Amino acid sequence: MRSEANPSEMDPGDVYRLLTSVVVPRPIAWISTRSAAGVDNLAPHSFFTVSCVEPPMVQFTSVSVKDSLRNVRETGEFVVNFASAHLFEHINATATDFPADVSEFEAVGLTPEQSAAVTPFRVAESPVAIECTLEHELPLGDSTVVIGRVRHIAVDEDVFVVDERGNRLPDIHRLRPLARLGRNEWSEIGEVRTITRIPHRDWPGHYTGGETAL
């Protein structure tokens, strides 16, 4: 038996709570921006993903109009800082509804670091910074999807490893990503499973799952 729900018959807050409880885990874009008046802002957004690779773009969604969105509209720039588990309390604290003239860097005790390609600061304590310029803004109901063109990526050297194919890439265990779940729940990386895609030429014909089927 299933519990059936029609969003058109529900309170929007109930829809939000249900969707964010089942669309999980969600990566967190820790967005740093600067207002036209020069105030630095930092806030987490858990509606976040890669939009495009060629050219490289990422996107986050602002539910209602918040400081991050206002600042991106004013300056056309933002930085996605990686949300690592060791920064859990800091990330949560930057979700506080500070007044627009208060910098979360100062309020929370984080170190601003000069970016390479944009004006907003990077978070020095974060292992990765993706510097972006505004590419598109897409209004959707009560929210706005912000798509940014990636202009520069900075990654801490100590998170890199060389894999079995000789690729030098960041390691998931060294990055320790945080994810948002439902309610006030967060998660860290758990068991990591590896599996390759099956080329059609190797398709077994009748796939039932498990190692024996392959």
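The model is predicted, and local features need pLDDT of at least 70, side-chain atom pairs count only at pLDDT 80 or more, and totals for chains, interfaces and linings use all residues. Residues are numbered from 1 along each chain as its sequence is written, and side-chain values use heavy atoms, with hydrogens and water left out.

The secondary structure comprises five helices and 14 strands; helices (H or I, at least four residues) and strands (E, at least two) are DSSP runs, numbered from the N terminus. Taken along the principal axes, the box filled by the C-alpha atoms is roughly 60 × 50 × 30 Å. The protein has 214 residues, of which 36% count as buried. Here buried means under 20% relative accessible area, exposed means over 50%, and partly exposed lies in between (1.4 Å probe, protein chains only). Contact is defined as heavy atoms within 4.5 Å. Among contacts between residues at least 6 apart in sequence, 56% join residues at least 24 apart.

UniProt, in an unreviewed entry, places the feature "domain: Flavin reductase like" at residues 21-169. UniProt positions are given in the numbering used here, feature names are shortened, and annotations may be inferred rather than shown by experiment. The span 21-169 is 15% helix and 46% strand, and its end C-alpha atoms lie 31 Å apart.

Seven strands make up an open sheet with the order β3-β2-β6-β9-β10-β5-β4 and antiparallel pairing. Two strands pair if DSSP finds at least two bridges between them. Strands β3 (40-45) and β4 (48-53) form the edges, each pairing on one side only. From one strand to the next, the twist averages 35°. Axes are lines fitted to C-alpha atoms, for helices over the stretch in contact, and angles run from 0 to 180 degrees between N-to-C directions. Within this sheet, β9 (residues 128-140) and β10 (residues 143-155) pair in the antiparallel sense over 12 bridges. I130 stands opposite I153 in β10. Helix α2 (residues 67-75) packs on the sheet and touches β2 (29-34), β3, β5 (56-63), β6 (77-82), β9 and β10. The direction of α2 makes about 50° with that of β2.

N71 is found in helix α2. With a relative accessible area of 6%, N71 is buried. Leaving aside residues up to four places away in sequence, N71 touches T33, R34, S35, V39, N41 and G76. The side chains of N71 and T33 are joined by a polar contact of 2.9 Å. A polar contact is a pair of N or O atoms within 3.5 Å; within protein, one must be able to donate a hydrogen and the other to accept it, and residues adjacent in sequence count only if both atoms are side-chain atoms.

A further open sheet consists of three strands in the order β1-β13-β14, with antiparallel pairing. Its edge strands are β1 (26-27) and β14, each of which pairs on one side only. Strands β13 and β14 run antiparallel and are joined by two bridges. The bridge partner of R180 is W186, in β14. R183 lies in the loop between β13 (179-180) and β14 (186-187). This residue, R183, is exposed, with a relative accessible area of 65%. The side chain of R183 makes a polar contact of 2.9 Å with that of E185. R183 and Y16 are 167 residues apart along the chain, and their C-alpha atoms are separated by 10.0 Å.

The loop between α3 (88-93) and α4 (104-108) contains F98. F98 counts as partly exposed, at 24% relative accessibility. Not counting residues up to four places away in sequence, F98 touches D67, A93, E104, A107 and V108. F98 and V150 are 52 residues apart in sequence, and their C-alpha atoms are 28 Å apart in space.

The structure holds zero disulfides, a disulfide being a pair of cysteine sulfur atoms within 2.5 Å. C52 is in no disulfide, as the nearest cysteine sulfur, that of C132, is 13 Å away. For C132 likewise, the closest cysteine sulfur is in C52, at 13 Å, too far for a bond. C52 counts as partly exposed at 26% relative accessibility, whereas C132 is buried, with a relative accessible area of 0%.
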